[in-house]
Amino acid sequence: NSSRLLNKTVLITGASSGIGAATAVLFAKGGANVILLARRAEALAKVQEQCRQAHQASGLKEGGQFASIPLDVSDRSQIASLWDKVPSNLRNVDVLVNNAGFVLGVDHVGNIAEEEVQKMFETNVFGLISLTQLLVRDFKAKNAGHVINLGSIAGREPYAGGSIYTATKHAVRAFTGSLLRELVNTPIRVTEIQPGMVETEFSIVRYRGDESAAKKVYEGLQPLVAEDIAEEIVWAAARPPHVNIAEVLVFPVNQA
Ligand code: NDP
């Protein structure tokens with residue numbers, strides 16, 4: 001029931017494109033308030049405007065408060081000072097969506113640069129953990145909240161050429177599973193969404209900006225689109241308070 005989204009405040013990382021952007025717009029459409037985080041300020045401003053339009057078109061009176069905060073999740077000091085940047089009307093966060101993440105290169109482990117290894121872990125794992133720690137302190141204090149982490153099929157099954165990325169997503173799955181068990185018997189919910197192939201900027205980043213290599217991945221099949229995953233995230237957030245969606249694995253029909 002989408003009435004459970006009304007006036008909820010949702011903080012989404014990686015909200016400047018792909019799954020994060022689509023999720024922000026869908027929450028806005030459902031009457032939630034949204035804090036959008038990512039590094040690219042201009043792209044965030046565009047998504048915030050899409051949120052405003054989606055909320056307006058919904059005709060809902062509740063929600064509709066938005067803020068865009070340029071922030072690099074791999075920089076722990078930026079996370080530590082997050083509350084200084086969040087407007088006071090949006091500081092009571094109900095749902096955290098840890099979505100920022102990327103893979104750089106599909107290559108033999110020996111060919112992946114040390115800085116790329118560090119950056120993938122700092123973004124996909126350490127950033128996600130820092131932000132979760134920050135928000136879970138609040139959630140515990142008010143005895144309510146929902147952490148939704150973006151894992152991946154790569155967090156369940158390793159693949160050749162994906163050594164570092166699959167290691168980061170296995171770490172996300174282990175962390176999320178432990179958090180779920182730590183918070184059992186509390187009203188705080190923990191969910192991991194594990195997409196298969198979704199056509200977003202993800203593939204372009206993976207092939208270091210080579211758009212034709214990025215496109216080739218989807219030749220002869222129909223990948224998911226960002227909105228498919230956004231629907232799963234918003235659905236998990238809109239379940240009744242006693243229902244916790246622990247894991248959702250979502251594939252296109254061409255993938256198994
Ligand atoms: P996109 O590349 O479209 O989006 C990634 C988002 O993460 C961007 O908004 C980017 O914004 C943000 N981001 C990256 N690094 C940082 C950082 N250091 N600090 C803050 N924000 C950052 O990809 P998707 O939407 O596809 O990916 C979203 C999530 O879904 C990721 O965690 C990914 O691993 C996961 N996933 C994706 C799959 C796919 O096939 N697409 C499959 C399985 C999982 P900016 O550059 O502005 O900082």
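**Sheet**

I began with strand β2 (residues 33–38), which pairs with β3 in the parallel sense over five bridges. Pairing here asks for at least two bridges found by DSSP between two strands. My helices (H or I, at least four residues) and strands (E, at least two) are DSSP runs, numbered from the N terminus. I followed Val 34 across and found its bridge partner in β3 to be Phe 66.

Before going on, I noted the ground rules: this is a predicted model, where local features need pLDDT of at least 70 and side-chain atom pairs count only at pLDDT 80 or more, while totals for chains, interfaces and linings use all residues. Residues are numbered from 1 along each chain as its sequence is written.

Next I traced the open sheet of seven strands, and its order reads β3-β2-β1-β4-β5-β6-β7, with parallel pairing. At the edges I have β3 (66–70) and β7 (247–250), each pairing on one side only. From one strand to the next, the twist averages 15°.

**Helix packing**

I took the helices in pairs, using axes that are lines fitted to C-alpha atoms over the stretch in contact, with angles from 0 to 180 degrees between N-to-C directions. My words for the angles: under 35 degrees is roughly parallel, over 145 roughly antiparallel, 65 to 115 roughly perpendicular, and the rest oblique.

- α1 and helix α2 (residues 41–58) pack at about 25°, their axes 7 Å apart. That makes α1 roughly parallel to α2.
- The axes of α1 and helix α9 (residues 226–237) come within 8 Å and cross at roughly 55°. α1 and α9 are therefore oblique to each other.
- Helix α5 (residues 114–142) and helix α6 (residues 163–182) have axes 9 Å apart and an angle of about 15°. That makes α5 roughly parallel to α6.

**Record check**

I looked up UniProt too, where an unreviewed entry lists residues 8–201 as "domain: Ketoreductase". I kept in mind that such annotations may be inferred rather than shown by experiment. The span's end C-alpha atoms lie 28 Å apart, and residues 8–201 are 45% helix and 16% strand.
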